[in-house]
Amino acid sequence: MKKPELLVTPTSVSHIDELAKAGADAVIVGEQRYGLRLAGEFSRTDVAAAVEAARRHGMNVYVAMNAIFHNDKVDELADYVAFVADVGADAIVFGDPAVLLTVRETAPHMKLHWSTETTATNWYTCNYWGRKGAKRAVLARELNMDAILEIKAHAEVEIEVQVHGMTCMYQSKRSLIGNYFEYQGKVMEIERKKYEKGMFLYDKERDHKYPIFEDENGTHIMSPNDLCIIDELGDMVNAGIDSFKIDGILHEPGYITEVTKLYRHAIDLCADDRERYEKEKDDLLAAVEALQPPHRRIDTGFFFKETIY
Amino acid sequence: MLLKNERISEIVDGKRVIVKKPELLAPAGNLEKLKIAVHYGADAVFIGGQEYSLRANADNFTIEEIREGVEFANQYGAKVYVTANIYAHNENIPGLDDYLRALEDAGVHGIIVADPLIIETARRVAPKLEVHLSTQQSLANWKAVQFWKEEGLERVVLAREVSAEEIRQIKEKVDIEIEAFIHGAMCSAYSGRCVLSNHMTARDSNRGGCCQSCRWDYDLYQLSDDGREIPLFSENDAPFAMSAKDLNLIRAIPAMIELGVDSLKIEGRMKSIHYVATVVSVYRKVIDAYCADPDHFTIREEWVRELDKCANRETASSFFEGFPDYTNHMYGTHSRKTTHEFAGLVLDYDRETGIATIQQRNHFKPGDEVEFFGPEIENFTQVIEKIWDEDGNELDAARHPLQIVKVPVKRPLFPYNMMRKEN
């Protein structure tokens, strides 16, 4: 049975070797100047080294260019696209059509993955971006399993689904943490503190903690729990979903590696020995739970949830 | 459109006048609001149908109401755009063809759309509809605008994060109509990139279910290396907020006109007719006065004050003039009372007797000072002397919602004029 690609997010070049050993098939790298919410910050030198490392291990490398761009960066997109093509990365991940046009002009053979995170919600629109040049659509996290399977059934492009990790709930261009410090009169702390890790918003009513951070792309607020469906992969493997992504943003490299090992095992079992997968999947889930940091629980995201409007 | 050689203004009889007057685009949550918006001077309105629109809670239009709205707007030469700006899920695909055909058949001028599914379906089944790209696409650079131009769209609504300078650059590089927000509530996130509602209340924000979680209070903490949760606020600090103040660009209208922005958009399909009337009439005056004599124009403080009469949140200029700092956010406070309250809608005025027929919209009584306003009149205040019901019985107060009453009014009034009183 066809196995979906296992796509993971390294935190550094050296982490790629570990992830390869853990069984990852592909990695996504990049820098916040062009890409959104990456697990690691990869300079051009790092991207080149990442491609080299991935080649050694027979993995694919995708470079993130899925920021929402303003005019100030449009003119430098071509140079970065040319660089990415030059080092031999396997695809560029984009959300902004400015990147699509730039790739057409600069590196027309470069593969494109369409990923806005929230707006890939129906099969028609996935195929629309396919007709514009994308080879893959990365689905919105707010879809349920039935919708994902229906999209796959109608898709003319590869379909990538996030199966594990944090998801983004909110992106603002505003400097929300910096502004809050400024409002409090803690001006001296702004530059020192606003880019620090480990901040979260506490929602008393729901007793939820939402990780929050600022970077060049603005302020990002993340889901209170880590998505985990290691025990629910069967239908998507049957449907031929092309890529499963583990997003390791805001997690330690060791955690990402261990989770990758578990999903490698789960995917292999699911595709090769379904009976054993069914027997072992609860243990796999328990193994993930054991890895979770104390403040991060897991849940099944929107896979089995009814959303109204 | 402002191409490099396009003229915004010309010299007529030695005086500069604006020849490229932007469209004033107003929200209309229902048929009554549509009529008010158009009557008070909107060049176009945007409305939501029963489906595919982003305000699931607004009392949206049926196709019959849309038809009636279009007929009313046509009498004034105004346009009607229908928002169909959800990000559709598979289940929203069936029925879309028929819906778009019905909009075209109802005479709608254009639709405001985010999802390529709806763009391409409209092209295929309802080609007479103009297609405008919604701000839900968070369009923030000229090259992305160029992409949508090449896709054949007539107009794009820019991201709310775009500055005046960025609009100027976009206008210079791409020949397409640009619509920009001038007034009203703001998403503090990039539009279309927020799913707080989905997570917190299982309501899909990108299909009209937004529960405005960005306006709630949160506490900011930091997790220390040893796992302690350290509050980043002291006891006296207001909680963390991402809530954005409402947009108010009244003072930037001259700049917007000189930039060649094609459509100036007021937000707020959920707002009252009093709000729509007040905001539309103020911006109508600003745009007309500037276009007639841009070189001698000044903002009149009474216009600024007039906007305050219907504002229940503080306002700011957001990204237009620069990067928003903390003064663009609301900490600790959520809303305030408007300074004025809508009290009555004028139905008729008898010039012989000086008696106005008014539909009550809030409690008022003899002795109250009220203010009348409307497109045909200068604002004026007077004290209510007497109130009669329809049968001529004198009342000590107009206390029944929508009751029709008669009131002596010193100056002539016109249907759709409004009466408000200070809180």
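Axes here are lines fitted to C-alpha atoms, for helices over the stretch in contact, and angles run from 0 to 180 degrees between N-to-C directions. Helices (H or I, at least four residues) and strands (E, at least two) are DSSP runs, numbered from the N terminus. The model is predicted: local features need pLDDT of at least 70, and side-chain atom pairs count only at pLDDT 80 or more, while totals for chains, interfaces and linings use all residues. Residues are numbered from 1 along each chain as its sequence is written.

In chain A, the axes of helix H2 (residues 44-57) and helix H3 (residues 71-87) come within 9 Å and cross at roughly 25°. H2(A) is therefore roughly parallel to H3(A), a term for angles under 35 degrees. A:Arg44, A:Val47, A:Ala48 and A:Val51 of H2(A) make the contact with A:Asp79, A:Tyr80, A:Phe83 and A:Val87 of H3(A), where contact means heavy atoms within 4.5 Å.

A pocket is an open set of points on a 1 Å grid over the protein atoms alone, where a 1.4 Å probe fits, with protein on both sides within 12 Å along at least five of seven lines; lining residues have an atom within 4 Å of a point. The largest pocket is lined by 44 residues, and B:Arg55, B:Ala185, B:Cys187, B:Cys210 and B:Gln212 are the closest to its centre.

Two residues of chain B have positive phi without being glycine. B:Leu402, with phi near 70°, sits in the loop between strands S19 (388-389) and S20 (404-408) of chain B. For B:Tyr416 the value is about 80°, and this residue lies in the loop between S20 and strand S21 (418-422) of chain B.

Notes: Chains lettered and ligands numbered in written order. Heavy atoms only, no water. Parallel < 35°, antiparallel > 145°, perpendicular 65-115°, else oblique.
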